[in-house]
Amino acid sequence: MLLPKVEHEAEIEVAANLLAEAESAAGLEVGSIKIWSMIETAKGLVHVEQICAASPRMTAVIFGGG
């Protein structure tokens, strides 16, 4: 799952919780869907370490924008 414009670790935590619910409902192993986050703002860059550590699902960080 790719999340754009991530600025805070709470966004990753919410996504991870929603994914866990969806995986359970679909009969998938919880944690099987990974998260990539896009850091596109200065605020996201300031919090990038916390964003990366927010969930074991985090497997990639993409820097960029336009």
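**Figure 1. Leu-28 in the loop between α1 and β2.** In this predicted model, Leu-28 counts as partly exposed, at 45% relative accessibility. The residue is placed in the loop that runs between helix α1 and strand β2, the latter formed by residues 35-39.

**Figure 2. The salt bridge between Glu-23 and Arg-57.** The side chains of Glu-23 and Arg-57 form a salt bridge with an N to O distance of 2.6 Å. Glu-23 belongs to helix α1, whereas Arg-57 sits in the loop between α3 (48-52) and β3 (58-63), so the pair ties together parts that lie 34 residues apart in sequence. Both partners are shown with their surroundings. Glu-23 is buried, its relative accessible area being 0%. Arg-57 also counts as buried, at 6% relative accessibility. The count of salt bridges comes to 1. Side chains of opposite charge can pair when their charged atoms come close.

**Figure 3. Glu-9, a buried residue without a salt bridge.** Glu-9 is found in helix α1, which comprises residues 9-26. Glu-9 is buried but has no salt bridge. Which side chain of opposite charge is nearest to Glu-9? That side chain is Lys-43, at a distance of 10 Å. With neighbours within four places in sequence left aside, Glu-9 makes contact with Gln-50, Ile-51 and Ala-54.

**Figure 4. The backbone at Lys-5.** Lys-5 is not a glycine, yet it has a positive phi of about 50 degrees. Most residues other than glycine have a negative phi. The position of Lys-5 is in the loop between β1 (2-3) and α1. Lys-5 is exposed, and its relative accessible area is 55%.

**Figure 5. Gly-64 beside Ile-39 and Glu-40.** Gly-64 is located in the segment that follows strand β3. At 35% relative accessibility, this glycine counts as partly exposed. When residues up to four places away in sequence are not counted, Gly-64 touches Ile-39 and Glu-40.

**Figure 6. The whole chain as context for the close-up views.** The secondary structure of the chain consists of 3 helices and 3 strands, arranged from the N terminus in the order β-α-β-α-α-β. A compact globule of 66 residues would have a radius of gyration near 11 Å, and the 12 Å of this chain therefore agrees with that expectation. The C-alpha trace spans about 40 × 20 × 15 Å along its principal axes. Of the 66 residues, 32% count as buried. Among contacts with a separation of 6 or more, 60% are accounted for by residues 24 or more positions apart. The accessible surface of the chain amounts to about 4100 Å², and carbon and sulfur atoms contribute 61% of this area. The chain carries 4 positive and 9 negative charges, whose mean positions are 4 Å apart.

Notes:
Residues are numbered from 1 along each chain as its sequence is written. This is a predicted model: local features need pLDDT of at least 70, side-chain atom pairs count only at pLDDT 80 or more; totals for chains, interfaces and linings use all residues. Side-chain values use heavy atoms; hydrogens and water are left out. Helices (H or I, at least four residues) and strands (E, at least two) are DSSP runs, numbered from the N terminus. The radius of gyration is taken over C-alpha atoms; the globule rule is 2.2 Å times the number of residues to the power 0.38. Buried means under 20% relative accessible area, exposed over 50%, partly exposed in between (1.4 Å probe, protein chains only). Contact means heavy atoms within 4.5 Å. Accessible areas come from the Shrake-Rupley method with a 1.4 Å probe; for residues, only the protein chains shown count as cover. Lys and Arg count as positive and Asp and Glu as negative; His and the chain ends are not counted. The place of a charge is taken as NZ of Lys, CZ of Arg, CG of Asp or CD of Glu. A salt bridge is a side-chain nitrogen of Lys or Arg within 4 Å of a carboxyl oxygen of Asp or Glu.
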